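Please open the model in a viewer and keep the selection panel at hand.

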Amino acid sequence: MRTAIGAALFDLDGVVFDTESQYTIFWGGQCRHYHPERPGLEKEIKGQTLVQIFDRYFADLKAEQEEIVRRLNKFEQQMTFGYIKGFEQFIKSLRENGVKTAVITSSNQMKMSAVYAAHPEMKELFDEILTSEDFEKSKPDPDCYIKGAEKFGMARERCIVFEDSFNGLKSGRAAGMKVVGLATTNPAAAIREYSDYVIPDFEGLDYRKICDILGME
């Protein structure tokens, strides 16, 4: 007997919105300025919260952290938030078939205020939106996705995680959920081992197709 899909849990950047290239530009500039000895560091920090990034890579730059936050807040208020191709049609198909939907993101509430300003319909597309303020531990820890399932009182095996970053994919896998990887940020070959299935975007995907792909109902 196939397991019924109960909830779809989406990361935000690189999954709902095509924003990862913008963040790569921002963090690339910060990393080259503060850590020129670590080329490519901006790719390593994808999927981590700001607190996690500071603790791991900028702990010895306490005085500069406030300035980085100021720059980031200004940058996020000016970002463009274009949906990943096919996303709107896909999530509507899920909801029409009774699937609960949630955003599970490392972004904070200040960032989300910019998202809501650009897309007021976001709160209608998702039953829950959980941000960094809602989690004690960051991806790749499974805490955030476990909390997402708990919001719906949903068994983990009935949840599907949609992620693009290595940390996010590992988080969904560690939570014991089906994981669909989006090759929007990293190559498909690189994320395949952490995913049950890999897609380039949501184009042509709907409720029935994702059920067939994952062997669910």
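The model is predicted: local features are reported only at pLDDT of at least 70 and side-chain atom pairs only at pLDDT 80 or more, whereas totals for chains, interfaces and linings use all residues. Residues are numbered from 1 along each chain as its sequence is written, and side-chain values use heavy atoms, with hydrogens and water left out.

**Stop 1: strand 4**

Select residues 159–163, which form strand 4. Helices (H or I, at least four residues) and strands (E, at least two) are DSSP runs, numbered from the N terminus. Because 5 of the 5 residues of strand 4 are buried, this strand is largely enclosed by the rest of the structure. Buried means under 20% relative accessible area, exposed means over 50%, and partly exposed lies in between (1.4 Å probe, protein chains only). Display the side chains: Cys-159, Val-161 and Glu-163 point one way, Ile-160 and Phe-162 point the other way, and all are buried.

**Stop 2: the neighbouring strands**

Which residues form the strand that pairs with strand 4 over 4 bridges and is numbered strand 1? Select residues 7–10; strand 1 and strand 4 run in the parallel sense. Two strands pair if DSSP finds at least two bridges between them. Across this pairing, Leu-9 stands opposite Val-161 and Phe-10 opposite Phe-162. In strand 1, Ala-7 and Leu-9 point one way and Ala-8 and Phe-10 the other, and all are buried.

Val-179 in strand 5 is the bridge partner of Val-161. Now include helix 9 (residues 166–174): strand 4, helix 9 and strand 5 make a right-handed β-α-β unit. A crossover is right-handed if, with the strands pointing away from the viewer, the path from the first strand over the helix to the second runs clockwise.

Next, select strand 2 (residues 100–104), which is joined to strand 1 by 4 bridges in the parallel sense. Thr-101 is the bridge partner of Ala-8, and Ala-102 that of Leu-9. Strand 2 is mostly covered, with 4 of its 5 residues buried. Strand 2 also runs parallel to strand 3, with 3 bridges between them; here Ala-102 has Glu-128 as its bridge partner.

**Stop 3: helix 8**

Select residues 143–151, helix 8, where Asp-143, Cys-144, Tyr-145, Ile-146, Gly-148 and Ala-149 are buried. Among the elements that cover these buried residues are strand 1, strand 2, strand 3 (128–130), strand 4 and helix 9. Just after helix 8, inspect Gly-153, which takes a positive phi of about 60°.

**Stop 4: aromatic pairs**

Colour the aromatic residues; a search of the whole structure finds 20 aromatic pairs. Rings of Phe, Tyr and Trp (its six-membered ring) pair if their centres lie within 6.5 Å; planes under 30 degrees apart count as stacked, over 60 as edge-to-face and the rest as tilted. One of the pairs is Tyr-34 with Phe-58, an edge-to-face arrangement at 6.0 Å centre to centre and 80° between the planes. Tyr-34 belongs to helix 1 (residues 20–34) and Phe-58 to the loop between helix 3 (50–57) and helix 4 (62–77), 24 residues apart. Tyr-34 is buried at a relative accessible area of 16%, and Phe-58 is buried at 1%.

Another pair, Phe-162 and Phe-202, is tilted, at 5.9 Å centre to centre and 55° between the planes. Phe-162 lies in strand 4 and Phe-202 in the loop between strand 6 (197–199) and helix 11 (207–214), so the pair ties together parts that are 40 residues apart in sequence. Phe-162 is buried at 0% relative accessibility, and Phe-202 is buried at 1%.

**Stop 5: the nonpolar cores**

Which residues touch the most other members of the largest nonpolar core? Select Phe-10, Met-122, Phe-126, Phe-162, Phe-202 and Ile-210, out of 51 residues in that core. A nonpolar core is a set of buried Ala, Val, Leu, Ile, Met, Phe, Trp, Tyr and Cys residues joined through side-chain atoms within 4.5 Å. Helix 1 gives the most to this core, with 5 residues. A second, separate core of 20 residues includes Ala-102, Phe-135, Tyr-145 and Leu-169.

How values were computed. Contact means heavy atoms within 4.5 Å.
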